[in-house]
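Subject: Structure handover

Hello,

The structure is below, with my notes after it. Please read them alongside the coordinates.

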Amino acid sequence: MTAASSKHWRLMLAVNAAVMLGVFLHKLTLPPYIPYIHLLVDYHFGFIKRALIGAMVGLFAAKVPVWLVFALAGCVWLITFALFAQLFRRTFGFDRAQLPLFIFTACSPFVFKNFLFTLGHFDIYGCLGAIVLLLVPARSLAYVLLAALISALLVLIHHIHLLMYVPTITAIVVLRYYLTRPPTRLDIAVGASALLGLGALFLAAQFLGTMPLPEADFVSYLRSRMVDPSRTELLQFAYVWYQPLAKEVQDTWARLPSNLLGLPIYALLLWLHAPLWRNLKDLIGALADKRHRQIVIAALIVISSAYLVMFAMVFDYSRWISSWVVCMVLMLHALKTLPATKPITPIDADDRMTTILGWIVTAVPRIGIIRPF
């Protein structure tokens, strides 16, 4: 990397920091409709879907202020970003040659910028859980049990995590634990039991976790937990806790024609990350074991297939495509734990086209929640 190109990539870091601050300040001006309700819903009326975070908040606060959405979510964002930086340092290093990869991952509008725009939503918890599993040692069966516990907590936070991040967590466990040693019968039994248990927990949350009282009574209870009960506009999405899967799918397909209009934009944004996809491809190609390559490719197909199911069920397309990119970034780190035949050449920081793409990625502030931007 020349001194001139190094200056460009360091300047991109500074600009990204400013953009992230701008996205955060903008987010503070927006009403946190769904995120605020998540802090109010608990297990007061029995087992309810999407109630874990609210139940934990209820242990410390009988009344929930609106600012707690941003305070709690901001802390989670900072912790996740710090752990990702630590993971990146350990996996790739923070020398100048790896600056472009950091720009196309941590500073991507799909990743931490969008986590800022979706502040208070549950997506980032899956990313945090996966990063933890990439950082801790995978030396014993306790690692599989930890992954199962994290996955169960994610499903209790929101059951859609079973499709959003649990497949990636499963792939990380397979790559870091099961492929590094001959699995015993106990290893296989524990892994299979964990997957079956998570599936049962998902079904329970999806079909048995509906609020068991009339919506008016539910809203009344939520108001009793608000610091300012007069702000009833923040409770307008309480119906989500009553909406069956069939209605969610119906709403998604009704919005499908307009949502599909955003596909060219998503495709363009993904193309802007071409250096990242080439890096991922090179890492797969450099794996020493052909069986490892086949398993990695199969894992990427399973992860992507889970997102296709989500696209058919829930219409928050911008969040889903962003989380898919996050999962690809996490898999990039997981791949580095497998034996390779040769070191991978870092992204060419001196290439003019790569630099232009880096600047565009830097300038895009975020992707959005339902539609692009």
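Two helices, α14 (263–271) and α18 (352–363), each supply at least two residues of a nonpolar surface patch. Helices here are DSSP runs of H or I with at least four residues, numbered from the N terminus. The patch consists of Leu-268, Trp-271, Met-353, Ile-356 and Ile-360, and its area is about 450 Å². Patch residues have over 30% relative accessible area and no salt bridge, and nonpolar side chains are joined within 5 Å; a salt bridge is a side-chain nitrogen of Lys or Arg within 4 Å of a carboxyl oxygen of Asp or Glu. Areas come from the Shrake-Rupley method with a 1.4 Å probe. The largest contribution, three residues, is from α18. Ile-356 lies in α18 and is partly exposed, at 37% relative accessible area (buried is under 20%, exposed over 50%, partly exposed in between).

The model is predicted: local features need pLDDT of at least 70, side-chain atom pairs count only at pLDDT 80 or more, and totals for chains, interfaces and linings use all residues. Residues are numbered from 1 along each chain as its sequence is written, and side-chain values use heavy atoms, without hydrogens or water.

With a disulfide defined as two cysteine sulfur atoms within 2.5 Å, the count is zero. Cys-75 is in no disulfide, the nearest cysteine sulfur being that of Cys-127, 16 Å away. Cys-75 is partly exposed, at 45%. The sulfur of Cys-327 is 8.2 Å from its closest cysteine sulfur, in Cys-127, which is too far for a bond. Cys-327 is buried, at 0% relative accessibility.

Regards

Terms used
Buried means under 20% relative accessible area, exposed over 50%, partly exposed in between (1.4 Å probe, protein chains only). Patches are made of residues with over 30% relative accessible area and no salt bridge: like charges are joined within 9 Å, nonpolar side chains (Val, Leu, Ile, Met, Phe, Trp, Tyr) within 5 Å.
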